[in-house]
Amino acid sequence: VTALADIEDEAQRMHGVVGNMLRLSRPEHRQPIELEPVLLSRVIAEAVRRHTARFPQSRVKVRDAETAPPVLGNEDYLLQVLENLLSNAAKYAGVGGSIEVDVTMRSNNAQVAVLDRGPGIVHERRKHIFEPFVRLNRPGEERDGLGLGLPICRLLMRAQDGDVTVTDRPGGGSIFSFTVPLAPDPEALSVM
């Protein structure tokens, strides 16, 4: 029964990836998405659950997600972005590598960072990693993927008035972060 549930989860994930890719790939077919309040803590918990089902050896530590206020976004898009960033971290950090998810509140947005201790990204290649079909393999390395995950993540986040960035992690590794606007305060909305 667990194997069937895992297969169903993976099939739904792939269906979502393909659907979003098709929807966002051609400017003439892009439709504005409806943004709504989303509980970031729930999205992070579900992404980590799915990630550990796919990568049982992966260890993910989550910080400060429980206290995050709602954000204004699309729950499916946020889940897809976070799943992709976790998957990339697992691929590049190696089997059993430690991954951290850190949530930071800013004045008008939330920043979710996925930190790994992988090899990092060569600076010359960094400006190209959000382009389609660019892979981060170093010479002699073979990793799964087509090089579409990060470009799709960027499209999904920009559709939600956010973005995805990458920086070096002090001590080695990478930090992939995305920002998403905070949801308006329900009390402020009722006064308006």
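Reply: Helix H2, residues 40-54, gives the most to the lining of the largest cavity, with 3 residues. (Helices are DSSP runs of H or I, at least four residues, and strands are runs of E, at least two, both numbered from the N terminus.) This is a predicted model, where local features need pLDDT of at least 70 and side-chain atom pairs count only at pLDDT 80 or more, while totals for chains, interfaces and linings use all residues. Residues are numbered from 1 along each chain as its sequence is written, and side-chain values use heavy atoms, with hydrogens and water left out.

Here's the whole lining: Arg50, His51, Arg54, Phe55 and Glu83. By type, that lining splits into 3 charged residues, 1 polar and 1 nonpolar. Charged here covers Asp, Glu, Lys and Arg; nonpolar covers Ala, Val, Leu, Ile, Met, Phe, Trp, Tyr, Cys and Pro; the others, Gly among them, are polar.

As for the space itself, the largest cavity holds about 30 Å³, and the count of cavities of 30 Å³ or more comes to 1. A cavity is a set of points on a 1 Å grid over the protein atoms alone where a 1.4 Å probe fits but cannot get out, and lining residues have an atom within 4 Å of a point. Points are joined across faces, edges and corners, and the volume is the space filled by probe spheres set on them.

Stepping back, the protein has 6 helices and 7 strands, in the order α-β-α-β-β-α-β-β-α-α-β-β-α from the N terminus on.

Technical notes:
On a 1 Å grid over the protein atoms alone, a cavity is a set of points where a 1.4 Å probe fits but cannot get out, and a pocket is an open set with protein on both sides within 12 Å along at least five of seven lines; lining residues have an atom within 4 Å of a point.
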